[in-house]
Amino acid sequence: MASVTTEAVTLNTGTEMPVLGLGTWQLAGDDAVEGARHALEIGYRLIDTADDYYNQHELGEGLRASPVERDEVFVVSKVEEDEDSYQGTRQRVADLGVDRLDMCLIHRSPPSGAGEELWEGLIRARREGLTREIGVSNYTSEQVDRLIEATGETPVVNQIEWSPFGHSQEVLDHARERGVVIQAYSPLTRMKRLDDDTLAEIGAAHGKTPAQVLLRWDIQVGTATVPKAGSARHREENLAIFDFELDDGELRRLSALNEHYSSLASLPYV
């Protein structure tokens, strides 16, 4: 068994959240059950899912199949922009078969704006113990500010697509000013940019793969990250990023790759 991932970021509530988690988009059926179980076995302590991943029952089964105690795992799910967020949080808890979520996010803002009503529903869900923490996903800095102005409650996390090829220092700076953690999804560009020469050169200098270089960059620039991994080999590879460091020059070279690239066609926050 690999060593447990203990590196964490402190949220604006004082809660510690693992900086690396298992993304589960496209994990289904037995693969989702085994993915969750194996991830916990080798040291992951955060699992990220959503209702429209259609795998929450299976991930819950994987959680229960693991000997890791429930309170050692940080479980993240999301409510959709077209549902009652309070009832949605309650449903996520039931689907996963857990006592509560550790964090629930608004998956994306509604077409009408920032989703203040959705945010109020999550505040209620947190107050009633359905989730420990609440945050957002795919939000712009302006939308985050609108939620804060409307309620006085600051999201703990904004989960957005993020990689050296597509990111925004301005968004990261704004998040830091507000005490919001940026959590990167699709940090491996859905494998579309792993053949980049810069990644290969930097990886070779450390004996690491391009994917590991991408994830290490996430951690060192100050974000958390939830790479998807459908195979045991990739889960193990993604976890092995805490035994090396990128130097300042390497960080600058990687950050300079930024072209606001998105594997989903566009970054909603730029």
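Contact here means heavy atoms within 4.5 Å. Keep that in mind, and keep in mind that this is a predicted model.

Let's start with two helices. H2 covers residues 56-65, and H3 covers residues 85-96. Their axes lie 7 Å apart and cross at an angle of about 50°. Angles from 65 to 115 degrees would be roughly perpendicular, and those under 35 roughly parallel. H2 and H3 are therefore oblique to each other.

Who touches whom? From H2 we have Gln56, His57, Leu59, Gly60 and Arg64. Across from them, H3 brings Arg92, Asp95 and Leu96. Sorted by class, this contact holds three charged, three polar and two nonpolar residues.

Next, helix H5, residues 141-151. Which of its residues are buried? They are Ser141, Gln143, Val144, Asp145 and Leu147.

H6 brings me to my last stop. This helix runs over residues 169-178, and alanine 175 is part of it. Is alanine 175 buried or exposed? Its relative accessible area is 5%, and the cut-off for buried is under 20%, so alanine 175 is buried. Set aside the neighbours within four places in sequence, and alanine 175 contacts Val180 and Ile182. Now compare it with tyrosine 54. In sequence, alanine 175 and tyrosine 54 are 121 residues apart. In space, C-alpha to C-alpha, they are 30 Å apart.

Key
Residues are numbered from 1 along each chain as its sequence is written. This is a predicted model: local features need pLDDT of at least 70, side-chain atom pairs count only at pLDDT 80 or more; totals for chains, interfaces and linings use all residues. Side-chain values use heavy atoms; hydrogens and water are left out. Axes are lines fitted to C-alpha atoms, for helices over the stretch in contact, and angles run from 0 to 180 degrees between N-to-C directions. Helices (H or I, at least four residues) and strands (E, at least two) are DSSP runs, numbered from the N terminus. Angles under 35 degrees count as roughly parallel, over 145 as roughly antiparallel, 65 to 115 as roughly perpendicular and the rest as oblique. Ala, Val, Leu, Ile, Met, Phe, Trp, Tyr, Cys and Pro count as nonpolar, Asp, Glu, Lys and Arg as charged, and the others, Gly among them, as polar. Buried means under 20% relative accessible area, exposed over 50%, partly exposed in between (1.4 Å probe, protein chains only).
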